Amino acid sequence: MIDLRSDTVTRPGQSMLAAMSAAQVGDDVWGDDPTVLELQARLAERTGKEAGLFFPSGTQSNLAALMAHCARGDEYIVGQSAHTYKYEGGGAAVLGSIQPQPIENAPDGSLPLDKIAAAIKPIDNHFARSKLLALENTIGGKVLPAEYVAKATQLARDRGLSTHLDGARVFNAAVASDKPVRELCAPFDTVSICFSKGLGAPVGSVLVGPKALIDVASRWRKVLGGGMRQSGLLAAACLYALDHHVDGLAQDHANAAHLAAGLAQIEQIRIDSHATNMVFAHIPDAYCAPLEAYLKERGILTQMLYASRFVTHRDVSREDIDTVIRAVKDYFAR
Ligand SMILES: *Cc1c(COP(=O)(O)O)cnc(C)c1O
């Protein structure tokens, strides 16, 4: 199957599986799994932060980070379309007693500075305590402009807020902007990074930040059920991805651009945006379900009903993209 539903569908290859089965393991709840410790240290070093912490999912890594920054009755400022706000079951409010203060994202994914400034509450018993600004990079595949990130995080710091980056795909952002990932992480106190997306590991995210905050997040990870035992098996896959899969993200980005160009030639389709490994298309509602079914019969998985988002990744080749473009053209030519 050619699966364009998400970059989460990547499967571990033979070499990654070999690295996993060769991993030295311990018990990470006791803090003595050497492979987990190595991954955490490598990520901290690579992102220029003091410490790292391995999580089973990005959702849990983000939540533990929010809970480390914010106490009960604090609030975090976040985008309406941010993953932590919209796609994580409301965890900050449900489990963290943290009030989200959502702001409409601008089309480029940023949160307008004047709206951030206006959302920060004075210290007053009427208000939740504004504590944290959370951004996302990439967001909807788009790389946040570096000058914007510098200004937004400076504004947060000037007003006494800390900063978190949902950097699930921050390696895509780094490769697309040809900057070291360390530079993209530098403006933030904490960053959560997914290995189970385009980097191709089966499971795993790492939270990086100052040691004191990571220690608090580690306690919340245990409370949230994310303390794992011989998790070096999983960390080995992430280390393998870090060593072998980062540069390949550029190919995914080229494939997404190629897909966008191919689909744009079809009269009934409008490309809303394409950036890094994602293409968002507008396909008239009436075509979505039948086109999705037509493609599925031909071994192509998409999820058009939900967002008409096509995601490229390391298990989709240039030839696969050509196959997809041809199949969509055939559908509309019938
Ligand atoms: C995937 C993703 C996450 C975390 O998702 P999990 O499936 O829980 O690992 C967080 N933020 C963004 C932007 C994501 O794309």
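Biologist: Let's start with His 126: is it buried or exposed?
Modeller: Keep in mind that this is a predicted model. His 126 sits in the loop between helix 6 (113–119) and strand 5. Its relative accessibility comes out at 71%, and the cut-off for that class is over 50%, so His 126 counts as exposed.

Biologist: Which side chain does the side chain of His 126 join in a polar contact?
Modeller: Stay in that loop between helix 6 and strand 5, where His 126 is found. The polar contact spans 2.7 Å, and the partner of His 126 is Asp 124.

Biologist: Now Glu 75, please: buried or exposed?
Modeller: Glu 75 belongs to strand 3. Beyond four places away in sequence, Glu 75 touches a list of residues that includes Cys 70, Ile 98, Ala 119, Lys 121, Arg 129 and Leu 132. Its relative accessibility is 0%, and the limit is under 20%, so Glu 75 counts as buried.

Biologist: With which side chain does the side chain of Glu 75 make a polar contact?
Modeller: Lys 121, Arg 129, Lys 131 and Gln 99 are among the residues that Glu 75 touches. The polar contact listed for its side chain has a length of 3.1 Å, and the side chain at the other end is that of Gln 99.

Biologist: Over to Thr 35: which residue's backbone oxygen does its side chain reach?
Modeller: Thr 35 lies in helix 2 and is buried, at a relative accessible area of 7%. Setting aside neighbours within four places in sequence, its contacts include Ala 23, Gly 232, Ala 236 and Leu 239. The backbone oxygen in question is 2.4 Å away from the Thr 35 side chain and belongs to Gln 24.

Biologist: What is the strand order of the open sheet of seven strands?
Modeller: The pairing in this sheet is mixed. Its edge strands, each pairing on one side only, are strand 2 and strand 4 (99–103). On average, neighbouring strands are turned by 20 degrees against each other, direction ignored. Reading across the sheet, the order is 2-8-7-6-5-3-4.

Biologist: In what sense does strand 7 pair with strand 8?
Modeller: Strands of a sheet can pair in parallel or antiparallel fashion. On one side, strand 7 pairs with strand 6 in the parallel sense over three bridges, and His 164 stands opposite Thr 190 there. With strand 8, Ile 193 has Val 206 as its bridge partner, and the pairing, over four bridges, is antiparallel.

Biologist: How many residues of strand 7 are buried?
Modeller: Side chains in a regular strand alternate between the two faces of the sheet. Thr 190, Ser 192 and Cys 194 point one way, Val 191 and Ile 193 point the other way, and all are buried. Strand 7 is therefore largely enclosed by the rest of the structure, and its buried count is five of the five.

Biologist: At about what angle does helix 3 run to strand 6?
Modeller: Helix 3 lies across several strands, among them strand 2, strand 3 (74–79), strand 5 (129–136) and strand 6 (162–166). Its angle to strand 6 is about 180 degrees.

Biologist: And helix 10: at about what angle does it run to strand 2?
Modeller: Helix 10 covers residues 211–223 and reaches 19 Å from its first C-alpha to its last, close to the 18 Å expected. This helix lies across strand 2, strand 7 and strand 8, and its angle to strand 2 is about 20 degrees.

Biologist: What arc around the axis do the buried residues of helix 10 cover?
Modeller: The buried ones are Leu 213, Ile 214, Ala 217 and Arg 221. They end up on the same side of helix 10 because their arc around the axis is only 95 degrees.

Biologist: Which exposed residues does the face of helix 10 turned away from its buried side carry?
Modeller: The buried residues of helix 10 are covered by elements including helix 2 (34–47), helix 3 (58–69) and strand 8 (205–209). The face turned away from that buried side carries Ala 212, Arg 219 and Val 223.

Biologist: Last one: which residue just after helix 13 takes a positive phi?
Modeller: Helix 13 (residues 285–297) has Cys 288, Leu 291, Tyr 294 and Leu 295 buried, with strand 11 (300–301) and helix 14 (318–333) included in what covers them. Just after helix 13, a positive phi of about 80 degrees turns up at Gly 299.

Note on methods:
Residues numbered from 1 in each chain as written. Predicted model: local features only at pLDDT ≥ 70, side-chain atom pairs only at ≥ 80, totals over all residues. Heavy atoms only, no water. Helix = DSSP H or I, 4+ residues; strand = E, 2+ residues; numbered from the N terminus. Expected span 1.5 Å × (residues − 1). Buried < 20%, exposed > 50% of the residue type's maximum accessible area, 1.4 Å probe, protein only. Arc of directions from axis to C-beta. Contact = heavy atoms within 4.5 Å. Pairing = 2+ DSSP bridges. Axes fitted to C-alpha atoms, helices over the stretch in contact; angles between N-to-C directions. Polar contact = N/O pair within 3.5 Å; in protein donor to acceptor, adjacent residues only side chain to side chain.
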